[in-house]
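Please look at the sequence and the structure below.

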Amino acid sequence: MRGVFIINGQRKEIEFAPHKRLLDVLRENGYTEVKEGCREGECGACVVLLDGKPVNSCQVLAASVMEKEIITVRGLGTIHKPHPIEEAFVEAGAVQCGFCTPGMIISTYALLKENPDPEDDDIKRALDGNLCRCTGYVKITKAVKLASKKVKKDGK
Amino acid sequence: MENREFNVVGKSIKKIDALALATGEVKFTADIEMPGMLHIAFLYSPHPHAEIVDIDTEEAKNIPGVVLVLTYRDVPDTLHTTAGQGYPEPSPYDTRILDKRVRFVGDRVAIVAAETKEIAEEALKKIKVKYRELPYNLDPEKAEESEQIPPEDAYHLLPTVYEPSKNLAASVELSFGDVEKGFSDADFVLEERFEVQYANHCAIEPHAAVAFYDERGRLNIISTTQVPFHVRRIVSRVLGIPLKNLRVIKPRIGGGFGGKQEVFLEQVVALVTYMTKRPSKVVFSRKEVFVSSRTRHPMITWYKVGAKRDTGEITSLYLKALMNAGAYGPHALTVMANAGSKVLPLFNKIKNLKFEGFSVYTNLPVGGAYRGYGATQGYFGYNVMLDMIAEKLGIDTLEFFKKWHIKKGETSPIFEELGEGKEGVSQIIRSCGLSECIEKGAKAIGWYEKRRKRIKNGDKVRGVGAAILMQGSGIPKIDMGAAYMKMNEDGSFNLHIGATDIGTGSDTILAQIAAEEIGTSVDKIIVYSSDTDFTPFDVGAYASSTTYISGGAVLKCAKKIRKEILKVAQEMLNVPEDALYIENGTVYTRDGQQKVSFQDIVIYSLYTKNQHQIQAVASHIGLESPPPFMAQFAEIEVDIRIGRIEVIKFVSAVDCGKPINPVLVEGQVEGATVNGIGYALWEDYVFDEKGRVKNASFWDYKIPSIRDIPEIEVIICETYEPTGPHGAKSVAEIGINGPIPAIANAVYDAIGIRLTKTPFTPERVLKAIKSQGIKL
Ligand code: FES
Ligand code: FES
């Protein structure tokens with residue numbers, strides 16, 4: 001089937017099989033920044049924003065989100081013009097292998113939109129679905145707090 | 001080498017690849033797509049042990065889109081080990097790409113390559129296999145009398161004990177003094193059995209590999225590997241493809257922890273591409289990672305320790321270790337040997353000591369390298385025994401630790417006796433900050449306020465416990481790394497290293513080591529690593545070796561290039577070499593009269609006179625393996641009604657020599673600690689009666705999430721290791737070894753119960769409370 005998806009602000013007409021998950025449609029069309037760690041909705045590596053809400057894209061049927069707004073980490077910033085959350089993760093030392101990072105950053109973005117001044121508990125709740133095996137989460141918590149400061153300053 | 005003021009080393013420079021990773025620009029192995037690429041899927045054995053009597057692939061082959069269906073009849077049958085170790089590998093050659101006999105539920109039966117993954121998976125269902133089931137064994141204690149698991153013709157390259165007919169994958173023995181006499185000299189003798197379980201590395205990136213032919217007809221492999229050079233060597237041998245026709249590239253890797261020190265996908269993609277001349281790719285599902293990649297080796301250890309009541313001297317120590325290797329034997333010898341060699345030197349004044357280790361085959365998933373590598377298994381019982389002895393002596397555990405642990409200037413006979421598949425290398429400890437780690441860690445956890453206080457809150461009781469540890473820095477006289485550098489017209493440098501950054505930050509660390517030595521900044525160092533065509537050799541990322549071994553190579557290389565720079569400057573300024581010094585990318589004369597920038601020096605060397613490329617290459621082999629040290633502390637709360645242990649706070653105080661990059665050091669320790677806590681409390685494989693893994697998903701195999709972590713504190717107790725690059729030792733593995741014993745000792749502190757089997761689930765805690773009786 002064919003459908004239109006609005007990915008990182010661009011309308012894309014994409015041909016895809018009806019049973020495909022959003023994760024596959026994204027990755028097969030070059031959005032490989034959306035990672036696959038489990039396909040079970042349990043690791044959060046595949047998190048994207050769907051109409052502003054974070055979702056595990058491996059758990060979403062592509063056909064159900066046509067015409068909806070999808071944002072991946074590359075929609076937030078680029079290496080030339082990084083988003084303050086991306087910078088915060090780098091500065092805090094929260095990026096080790098970086099495989100969980102795109103999902104972490106999207107979840108952080110969604111959290112800060114709702115709650116610009118998160119406490120530890122808010123961070124734990126918001127990132128509970130994003131697994132990381134490298135960092136032990138200590139620097140990730142720091143990164144989210146640093147991001148909160150940066151985002152407020154930047155007004156993003 | 002001596003300690004000095006540093007400009008770049010010791011600074012928490014941002015990881016050089018972090019922004020590319022955070023913005024999602026980076027391609028990992030599974031992200032690579034190529035026109036005409038084939039996708040690979042595996043058919044796995046449903047039986048723990050069986051012979052394939054008949055296998056019919058006709059129907060599968062006829063499915064449109066299926067390009068290749070391979071069985072044991074169609075692939076090279078070279079025996080090899082999947083352990084990505086140096087040559088000759090200290091692991092048995094007991095594995096074939098596909099075999100007529102399958103040895104665990106999850107062993108490979110057939111390979112399908114098709115236009116899409118979905119078609120490949122469809123085809124798997126159409127392969128008809130007739131099995132003859134064989135007797136199987138899941139119990140390592142019954143391995144000897146069970147049906148032989150490894151192939152009849154399996155063999156070992158090294159002259160070590162290997163008895164496939166007894167399912168014995170390896171054994172080692174080490175002893176000195178007279179243990180029996182030592183026990184009779186003791187005032188008391190304690191004995192205990194400990195057991196640790198299967199676990200998975202759970203790198204969030206599953207294993208993947210890609211193969212393709214380049215325009216010159218050479219076979220390229222890109223894979224999630226910790227060991228690109230070992231991949232090239234092993235694939236070349238297994239498939240009979242000349243090494244010169246292979247190129248192995250490591251892109252960014254989504255975590256390894258030892259799980260990617262195994263070579264089991266690369267030969268498959270290479271074979272498919274070789275046979276079809278089309279690019280191919282395989283990406284493991286999470287379930288495949290759990291069942292058919294590699295695991296932490298389960299181990300049973302028996303400790304017997306005798307001590308004197310007045311002095312606290314340990315008069316004798318006996319350790320027996322029985323390791324379950326699973327169905328194949330990668331790392332079967334070395335992980336088991338490390339349970340002794342990385343543990344027993346810690347109390348180096350024991351005069352009578354015996355260590356016996358056995359690794360046995362069972363029809364269960366295959367063990368492999370896993371962060372900690374035997375030390376994790378060995379340190380559990382070791383630290384609990386030390387805690388028990390201190391209690392019997394009526395002294396504080398920490399005082400006992402401090403009195404007897406190995407110190408600077410001392411040695412242990414074990415260093416020399418027990419190595420990796422051969423004898424070890426004797427060494428003297430040249431840096432040791434363990435006593436400081438113990439003191440600082442004790443303060444941070446509140447040891448003296450909380451120990452033996454058993455603070456109660458309803459059903460919950462608090463306690464604190466500690467563990468001390470050492471590891472190594474690379475495998476001495478075996479591991480080698482090399483580096484190449486050249487200087488560019490703007491005064492920047494290309495640094496090419498075989499070393500393998502798997503998310504640890506080693507590219508950054510190595511750039512720091514180079515920048516420091518040359519007298520420039522990290523942003524002037526362009527790092528390119530892990531490509532068998534374009535970087536010099538390196539054994540890869542394992543055995544806590546990269547900072548120490550590869551860093552040693554980079555340091556030597558940087559020293560050479562610095563000399564080259566000074567030589568040109570000397571010619572330009574017409575002064576003797578010792579009249580010059582380098583600061584921040586400029587060469588000055590000591591009298592302050594003249595200076596010349598790096599940029600001018602390169603322009604001169606490339607275009608003006610005596611034209612040549614300023615460049616250098618260097619290799620480094622570790623002659624010793626200086627251990628990093630650590631003291632870990634857990635504060636826990638046990639709910640005696642439901643048996644649940646909650647870790648309230650965890651402190652790790654580490655001596656890794658000079659920390660090249662403190663934030664990256666902390667990151668290594670924090671990650672290892674949390675992984676260790678998960679292993680201590682929850683992570684476990686659940687098997688059915690046939691050895692089938694019943695919890696092969698993140699839903700059923702719980703790894704720590706951000707909600708599960710306690711307050712975590714890392715304290716760096718800096719020392720200076722004279723044999724290390726800029727004083728550094730390793731840090732990657734050690735932090736995973738202490739959570740089990742620290743938590744176990746804390747539980748004893750809280751409720752007087754000794755836990756001896758991991759994970760410490762509520763059921764086990766309740767059972768122990770029942771059988772041992774609570775002593776509050
Ligand atoms: S891949 Fe979607 S949650 Fe893991
Ligand atoms: S940084 Fe590796 S999984 Fe999070």
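Leaving aside residues up to four places away in sequence, B:Ala321 touches B:Met299, B:Ile300, B:Thr301, B:Phe355, B:Glu356, B:Gly357 and B:Phe358, where a contact means heavy atoms within 4.5 Å. B:Ala321 belongs to strand S14 of chain B, residues 314-326. Helices (H or I, at least four residues) and strands (E, at least two) are DSSP runs numbered from the N terminus. With a relative accessible area of 0%, B:Ala321 is buried; the term means under 20% relative accessible area, with exposed over 50% and partly exposed in between (1.4 Å probe, protein chains only). The C-alpha atom of B:Ala321 is 9.7 Å from that of B:Glu195, a residue 126 positions away along the chain.

The model is predicted: local features need pLDDT of at least 70, side-chain atom pairs count only at pLDDT 80 or more, and totals for chains, interfaces and linings use all residues. Residues are numbered from 1 along each chain as its sequence is written, chains are lettered from A and ligands numbered from 1 in the order in which they are written, and side-chain values use heavy atoms, with hydrogens and water left out.

Next come the aromatic rings. Over all chains, a search of the whole structure finds 25 aromatic pairs. One of them joins B:Tyr379 and B:Tyr382, edge-to-face, at 5.9 Å centre to centre and 80° between the planes. Rings of Phe, Tyr and Trp (its six-membered ring) pair if their centres lie within 6.5 Å; planes under 30 degrees apart count as stacked, over 60 as edge-to-face and the rest as tilted. Both tyrosines, B:Tyr379 and B:Tyr382, sit in helix H9 of chain B (residues 375-393), 3 residues apart, or about one turn of the helix. B:Tyr379 is buried at 0% relative accessibility, and B:Tyr382 is buried at 2%. The two also belong to one aromatic cluster, whose other members are B:Phe194, B:Tyr303, B:Phe347, B:Phe380, B:Phe400 and B:Phe760.

Chain A can be described as a whole. Chain A contains 6 helices and 5 strands, in the order β-β-α-β-β-β-α-α-α-α-α from the N terminus on. Its C-alpha atoms fill a box of roughly 45 × 30 × 25 Å along the principal axes. Of the 156 residues in chain A, 60% are buried. Among contacts between residues at least 6 apart in the sequence of chain A, 57% join residues at least 24 apart.
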